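Let's take a walk through this model together.

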Amino acid sequence: MKSFTVAISGASGSVYGIRLIEELLKSVDSVYVCISSQAFSIIKMETGIHLAGKTAAETEKKIQKHFSSKKVRYFSESNLAAPIASGSFRTGGMFVVPCSMKTLSGIAHGYANTLIARAADVVLKEGRKLILSPREMPFNEIHLENMLKLARMGTRIAPPIPAFYQKPKDLNDMVDFVVGKILDSAGIDHDLFTRWE
Ligand SMILES: Cc1cc2nc3c(=O)[nH]c(=O)nc-3n(C[C@H](O)[C@H](O)[C@H](O)COP(=O)(O)O)c2cc1C
C-alpha cells in the first residue's frame, strides 16, 4: 500500500516527524498528516518552522509548500470525519512521531477523541501497521504499561533513541539514524544510515 499517515503529537523531537514526512514522500504516493495543536507550537519552538494556518485549508497549503509536494494531505486533529478516521479508507499504516504520553495513553485505551487517536484506533482494528515513537524521560509505570499493551497488539514501539556506533558527525546524522530505524519498523527502504556489516 503506497500511502501512510504521519501524526505529530506534542512531544519534544518534532524534527523526527518532519524528517519522516520528507523521507516517506520519496517512496509513497500519499502522506496523510495530522498535527496536534500542541505539536504546532513545539514544531515552531524547536525547528522554527511555522506550519499552522488560520484554517485547515491554509495549513494544508503551508505544509505542501514546506515539503514542496502535493502528495501531502493535511487533516486537522478535530476533523473526525477525515478519510483516515474510517477503516474503509485504505492506507499502509500509521506513524506517530514523536508520540506524547497523552497520545500514547489515548491510543492504548481506545479513547478516540482526536483524529490522531481515532486514526490509530482504526489502524489497530484493521490490523495495519502502527509505529509509535514515544518520547519522554524518564518513563513512569503508566507509560511503560501503555507501551507494553500496544506492543502485545503488534504495534512497533520505536522510541527516538540515537545510537553512536555509526559515528554521527552532527545532529542531522543522529536524526537520520532514528528516522531510518523508524522506517525499518515499517519495512520501508531508505538510505539514511550505513548498515552494520
Ligand atoms: C516544549 C514542550 C515539550 C514537551 N515534551 C513532551 C514530551 O517529550 N513528551 C510528552 O509526553 N509530553 C511532552 N510535553 C507535554 C505535552 O505537550 C502535553 O501532554 C500535551 O497535552 C500533549 O498533547 P497531544 O498529545 O495532543 O499533542 C511537552 C510540552 C511542551 C510545552
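We'll start with a pair of helices: α4 and α5 (residues 115-125) pack at an angle of about 40°, and their axes are 9 Å apart. That angle makes α4 oblique to α5. If you look at the way the two cross, the crossing of α4 and α5 is right-handed. Where do they touch? On the α4 side you'll find Thr-103, Gly-106 and Ile-107, and they meet Ile-116, Ala-117 and Ala-120 in α5. Sorted by class, that contact has four nonpolar and two polar residues, with no charged ones.

Before going further, a word on what you're looking at: this is a predicted model. Now zoom out to the whole protein chain. It has seven helices and six strands, and from the N terminus on they run β-α-β-α-α-β-β-α-α-β-α-β-α. Along its principal axes, the C-alpha trace spans about 45 × 40 × 35 Å. How does the radius of gyration fit with that of a compact globule? A compact globule with 197 residues would come out near 16 Å, and the protein chain has 16 Å, so the two agree.

Back to the helices, and a handy way to talk about them. Two packed helices are described by the angle between their axes and the distance between the axes. Take α1 (residues 14-24) and α7 (residues 171-185): their axes come within 10 Å and cross at roughly 60°. That makes α1 oblique to α7, and the crossing of these two is right-handed. In α1, the residues Val-15, Tyr-16, Arg-19, Leu-20 and Glu-23 meet Val-175, Val-178, Val-179, Ile-182 and Leu-183 in α7. By class, this contact of α1 with α7 has eight nonpolar residues and two charged ones, but no polar ones.

Helix α1 also meets α2. The axes of α1 and α2 come within 9 Å and cross at roughly 95°, which makes α1 roughly perpendicular to α2. Here Ser-14, Val-15 and Ile-18 in α1 meet Ala-39, Ile-42, Ile-43, Glu-46 and Thr-47 in α2. The residues of this contact divide into five nonpolar, two polar and one charged.

Next, find the ligand. Which of the 14 residues around the ligand come nearest? They are Gly-10, Ala-11, Ser-36, Ser-100 and Met-101. Two helices, α2 (37-47) and α4 (101-108), each supply at least two residues of the shell around the ligand. By class, that shell has four nonpolar, seven polar and three charged residues.

Finally, some backbone details are worth a stop. Most residues other than glycine have a negative phi, and most peptide bonds are trans. With that in mind, look at the bond from Val-97 to Pro-98: it is cis, with omega near -10°. Pro-98 is found in strand β4 (residues 93-99). The peptide bond from Met-137 to Pro-138 is cis too, with omega near -5°, and Pro-138 lies in the loop between β5 (129-134) and α6 (141-152). And then there's Ser-68, which has a positive phi of about 50° although it is not a glycine. You'll find Ser-68 in the loop between α3 (56-66) and β3 (72-74).

How values were computed:
Residues numbered from 1 in each chain as written. Predicted model: local features only at pLDDT ≥ 70, side-chain atom pairs only at ≥ 80, totals over all residues. Near = placed C-beta within 6 Å. Helix = DSSP H or I, 4+ residues; strand = E, 2+ residues; numbered from the N terminus. Nonpolar A, V, L, I, M, F, W, Y, C, P; charged D, E, K, R; others polar. Axes fitted to C-alpha atoms, helices over the stretch in contact; angles between N-to-C directions. Parallel < 35°, antiparallel > 145°, perpendicular 65-115°, else oblique. Left-handed = near helix turned anticlockwise from the far one by under 90°. Contact = placed C-beta atoms within 7 Å. Rg over C-alpha atoms; globule rule 2.2 N^0.38 Å.
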